[in-house]
Each structure stands twice: as structure tokens, then as C-alpha cells.
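Please open the structure in your viewer and display it as a cartoon.

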Amino acid sequence: MGSAITPPEERVWWKHPLDRVEGTWIVLALLWSLIMFFMMPFWHVYGKQNLSNEAYRISPQKFQAKAQAMVDQYTVRTEVDGQYPVVRPPAGSDVYLIARLWQWWPILELEKDQTYRLHLSSMDWQHGFSLQPSNINIQVHPGYEIVTSVTPNRSGEYGIVCNEFCGIGHHTMVGKLYVTE
Ligand code: CUA
């Protein structure tokens with residue numbers, strides 16, 4: 001009698017015909033993997049959580065410089081004792097959000113029903129941009145600039161949480177985004 005931990009008695013065990021139940025499970029697993037495979041493009045087209053994006057190579061220094069230029073030009077106020085600039089860039093412009101250990105910087109203030117080009121990049125490790133409560137998710141990598149078009153359709157205050165584990169302060173990596181009328 002063979003068992004799961006001893007080698008099979010017959011060396012050429014794979015030449016045996018398939019058991020009917022075994023064949024059924026192989027077919028089921030194959031079908032399920034195909035369904036999951038086609039769910040990826042399906043959710044991209046019909047879902048609202050995975051936005052189309054473009055990705056470009058960029059160094060953290062260059063990305064930081066672009067974000068800083070936007071902050072220098074369009075900061076309207078600060079929050080948390082001056083640590084977080086609130087930036088209100090003109091409608092239709094390029095807006096930058098930095099992910100780093102452990103913050104989202106700066107705070108963006110966008111106008112409802114206006115379209116912006118949102119640029120995301122990380123200064124250090126991989127982070128996950130997760131906009132709450134809309135549950136829009138984008139992975140953020142160092143060395144890459146992820147660009148996506150966003151048109152906020154509801155005003156209010158949104159939270160940005162990090163949904164890729166990035167070390168000891170991961171749970172504190174929360175940011176904010178305002179959408180005004
Ligand atoms: Cu950044 Cu988790």
C-alpha cells in the first residue's frame with residue numbers, strides 16, 4: 001500500500017488511466033482558473049476599482065521635485081501643525097502624490113467634476129494607494145510614475161490608506177484628499 005509520504009510502488013505511476021473523480025477535479029480546476037483569468041480584464045472594463053493607468057520610469061528625486069514644484073505653487077493652507085500642505089492645483093492639471101514611509105504627501109484638494117492627471121510614485125518601498133470609501137486601488141512602486149485620469153464625482157473628505165504592508169508604521173500611513181464643490 002502506498003501512502004502520501006512514501007514513494008509510489010510503481011515507478012511509472014503517471015501512465016495509469018485517470019480515475020473518473022480525478023478527471024472531474026482537473027476539469028473543474030481548469031475551468032475555474034480560466035474564469036479567474038478572464039475576470040481580470042472583465043473587472044478592468046466593468047469594475048470601478050481598477051483604473052486604467054500609464055507607467056513611466058522616474059527616479060524618486062525627480063518625482064519629488066515635480067511634487068515639490070506643485071506644492072510651492074498651489075498650497076492654500078497647511079494642516080497638522082504645518083506639516084501637511086493642502087494643495088489646490090488648477091482644474092485639468094497634473095497633480096502629484098508622494099508615497100513614503102509612512103505618509104501620503106501632500107493633501108490634495110480637487111474640484112468636483114473636473115478631470116486631473118494624478119501622478120503617484122514611491123520614495124522608498126512598495127505602497128498601495130487605496131482611496132476610501134470608494135475603494136479605488138493602485139499599486140505604487142519606487143522608480144515608477146503611475147499616471148491615471150481622475151474625475152471626482154462626489155464632494156467631501158476622502159481617506160487614503162496604504163494597503164501594501166510596508167513595515168512597522170504601515171498602519172499609520174494614512175492621508176487625505178478633499179473634493180470641493
Ligand atoms: Cu505604505 Cu503600507
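Predicted model: local features only at pLDDT ≥ 70, side-chain atom pairs only at ≥ 80, totals over all residues.

**A walk across the sheet**

Next, select residues 174-180, which form strand β12, together with β6; the two strands pair in the parallel sense over 4 bridges. Strands of a sheet pair through backbone hydrogen bonds, either parallel or antiparallel.

On one side of this pair, select residues 84-87, strand β3, and residues 107-111, strand β6. These strands run parallel and are joined by 2 bridges. Within β6, Ile107 stands opposite Val86.

Select Tyr158 to find Leu177 of β12 opposite.

Now display the whole sheet. In what order do its strands lie? The order is β2-β3-β6-β12-β11-β8-β9, an open sheet of 7 strands with mixed pairing. Select β2 (75-79) and β9 (136-140): each stands at an edge with a single partner strand, so one side of each has no neighbour in the sheet. On average, neighbouring strands are turned by 25 degrees against each other, direction ignored.

Finally, zoom out to the protein chain, which has 2 helices and 12 strands. Its radius of gyration is 24 Å, well over the 16 Å that the globule rule gives for 181 residues, so the chain is more spread out than a compact globule. Along the principal axes, its C-alpha atoms fill a box of roughly 75 × 35 × 25 Å. Of the 181 residues, 34% are buried.

Terms used
Residues numbered from 1 in each chain as written. Heavy atoms only, no water. Pairing = 2+ DSSP bridges. Axes fitted to C-alpha atoms, helices over the stretch in contact; angles between N-to-C directions. Rg over C-alpha atoms; globule rule 2.2 N^0.38 Å. Buried < 20%, exposed > 50% of the residue type's maximum accessible area, 1.4 Å probe, protein only.
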